[in-house]
Amino acid sequence: VRYAKQYLYPAGAAYEPGFFSGLSSKVVEILGDAFPELRSHPGTSMTPDKVAQVILEEEVSFLRTLDKGISQFDKFAAEDRATGSISGPHAFMLYDTFGFPLDLTVLMAEEKGLAVDKAGYEACMAEQRARSRGEGKEGDKVIVLEAEQTDRLPQELGGAAAGHGGGGG
């Protein structure tokens, strides 16, 4: 959807949701034997019309996110114009928040005569990976709770969390 909106439609032309959902009947036709759950049959609520509806809903949702991301890119491009490059943290935020892969950010930046700080982006990505593994920067405190410990939280909090999804209350 990202590339379709960006490159299949002329500048200023509105991308109308439904392009991909309109292809769903052909996808079901081609892939229906390999993925029988795409076809209507007893025991499943999935139908080709339902597949099209789900795709349309995802397309509409994604387009909202994409529009926000493009708007944010434009703000970053204006902020970073003086350096001639979209900063690594800005490129990473476009990826992390709006799902923009680095290659899309590079293409959009080139269209505005800008480069992208790929090394800065990779540094932000490495930092994010470390955080997701539970590693922090020096001085950060990391708390790891095992399942048994989270089950005991309601009792240890004196019942304050009881009834809020804890396992022991």
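I began with E127 and noted that E127 counts as partly exposed, at 36% relative accessibility. The model is a predicted one. I then looked for the partner of E127 and found a salt bridge with R131, the closest N and O atoms being 3.2 Å apart. R131 counts as partly exposed too, at 45% relative accessibility. E127 and R131 are four residues apart in helix α6 (residues 118-132), so about one helical turn separates them.

I asked how many salt bridges there are by this rule. The count is three.

I looked up the bridge between E29 and K26, which is 3.3 Å from N to O. Both residues lie in helix α2, three residues apart, about one turn of the helix. K26 is partly exposed at 44% relative accessibility.

I turned to K112 and D74, whose closest N and O atoms are 3.6 Å apart in a salt bridge. This pair links distant parts of the chain, 38 residues apart: K112 is in the loop between α5 (102-111) and β2 (115-116), and D74 is in helix α3. I noted a relative accessible area of 35% for K112, which is partly exposed.

Next I checked how helix α3 (residues 48-80) meets helix α4 (residues 88-98). Their axes come within 10 Å and cross at roughly 170 degrees. The two helices are therefore roughly antiparallel. Among the contact residues I listed F73 and F76 of α3 and M93 and L94 of α4. By class, the contact has five nonpolar, four polar and three charged residues.

Definitions and conventions: Residues are numbered from 1 along each chain as its sequence is written. This is a predicted model: local features need pLDDT of at least 70, side-chain atom pairs count only at pLDDT 80 or more; totals for chains, interfaces and linings use all residues. Side-chain values use heavy atoms; hydrogens and water are left out. Axes are lines fitted to C-alpha atoms, for helices over the stretch in contact, and angles run from 0 to 180 degrees between N-to-C directions. Angles under 35 degrees count as roughly parallel, over 145 as roughly antiparallel, 65 to 115 as roughly perpendicular and the rest as oblique. Contact means heavy atoms within 4.5 Å. Ala, Val, Leu, Ile, Met, Phe, Trp, Tyr, Cys and Pro count as nonpolar, Asp, Glu, Lys and Arg as charged, and the others, Gly among them, as polar. A salt bridge is a side-chain nitrogen of Lys or Arg within 4 Å of a carboxyl oxygen of Asp or Glu. Buried means under 20% relative accessible area, exposed over 50%, partly exposed in between (1.4 Å probe, protein chains only).
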